[in-house]
Amino acid sequence: MLWHPKRRIEQAYQRSLIAMFKSALTAFNGIDTLKQFETMLEQWASSKTFGKFAESVSRKMITSLFDDVGKDWRSAARYNSQGRRIYELLMKDLSGERGRRVDDLVHQNAELIKSLPVDIADDVAQYIFRETIKGRRPENIERDIIKMFPDRAKARAKLIARTECAKTQTALVQGDSEEIGANWYIWRSTKDQRVRVSHHKMDGILCSWRDPPNPEALFPSEQKPYGSYHPGCTFNCRCYPEPIVTKYQLTKNTYKVYQYGQLQTLNKSAVLKLISL
């Protein structure tokens, strides 16, 4: 399926993060006080080995997604001469803006991984505060924290893998789309039972890269709002954008279009005029 983030890349990234946590756990064996735990977190966060790991894992995930996006553009190019022109234009820029975009994403993702020990420390602090208010004894709280670390770390790795793979995929597609002047996309959901209600209703809606929608505000439900964002760009979101590069992608007579905070229904000719195809 074109433009859909590949599950295998997310799984490989997740396995790498979990392996990193398992490796770190060996250093935490034998720790029985909160002070020792906090010291180990600080040492782990500042180690050169951890920094190199973050860079390596990020580059592998992002270059894999970059290659897949390239394959999607190549597949899209088969349908018409416009697609072929777009693909050739993008391939000429591998060492230019596209290459710089990949390096920027690698750096951003590596910094996110490096922040994991700090995030875990924040979780610990919040847990201590909540349990202290309940009147629990400090030594009991300490034992809980040390025991919970492996499960919390694994859960964090899964969340990061899913969120960052989808977010990176969207960033790569957006960068390429804007470079070739494809300023509109179709919001696509995975159409299964785990899709948020608001995201299910966003499926098939035309959006502009310049004006990200606010799904929770458009379709109020029990979900709290997360602001404006493109598909795949909020936590645990598995939606993805399908860039509109040819009029042949538009097969329906009418479409819902998001603009300036609201939805409107336009016929096909009005849509083609709006998105300049």
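Predicted model: local features only at pLDDT ≥ 70, side-chain atom pairs only at ≥ 80, totals over all residues.
1. Because R101 belongs to helix α5 (residues 97-114) and E179 to helix α7 (residues 138-180), the pair ties together parts that are 78 residues apart in sequence. R101 counts as buried at 13% relative accessibility, while E179 is partly exposed at 29%; buried means under 20% relative accessible area, exposed over 50%, and partly exposed in between, with a 1.4 Å probe and protein chains only. Helices (H or I, at least four residues) and strands (E, at least two) are DSSP runs, numbered from the N terminus.

2. On the basis of the numbers quoted here, residues are counted from 1 along each chain as its sequence is written, and side-chain values use heavy atoms, with hydrogens and water left out. Local features need pLDDT of at least 70 and side-chain atom pairs count only at pLDDT 80 or more, whereas totals for chains, interfaces and linings use all residues.

3. The whole structure contains 16 salt bridges. One of them joins R188 to E242, with the closest N and O atoms 2.8 Å apart; since R188 lies in strand β1 (residues 184-188) and E242 in strand β3 (residues 240-243), this pair ties together parts that are 54 residues apart in sequence. Here R188 is partly exposed, with a relative accessible area of 22%, and E242 is buried at 15%.

4. K167 and E164 also form a salt bridge, with the closest N and O atoms 3.5 Å apart, but these two residues are 3 apart in helix α7 and are separated by about one helical turn. K167 is partly exposed at 34% relative accessible area, and E164 is buried at 11%. Elsewhere, K6, R8, D68 and D72 are linked in a network of salt bridges.

5. The buried residues of α5 are R98, G99, R101, V102, L105, V106, N109, A110 and I113. They cover an arc of only 165° around the axis, which puts them on the same side of α5, the arc being that of the directions from the helix axis to the C-beta atoms.

6. The largest nonpolar core has 57 residues, of which Y13, M20, F21, W44 and I113 touch the most other members. Such a core is a set of buried Ala, Val, Leu, Ile, Met, Phe, Trp, Tyr and Cys residues joined through side-chain atoms within 4.5 Å. Helix α7 gives the most to this core, with 11 residues. M20 touches W44, F50, F53, I113 and L116, not counting residues up to four places away in sequence, where contact means heavy atoms within 4.5 Å. A second, separate core of 11 residues includes L206, I244, L250 and L266.

7. Strands β4 (residues 254-259) and β5 (residues 262-267) pair in the antiparallel sense over 6 bridges, pairing being assigned if DSSP finds at least two bridges between two strands. V257 has Q264 of β5 as its bridge partner, and in this hairpin, with 2 residues between the strands, Y260 takes a positive phi near 55°.

Methods:
Salt bridge = Lys/Arg side-chain N within 4 Å of Asp/Glu carboxyl O.
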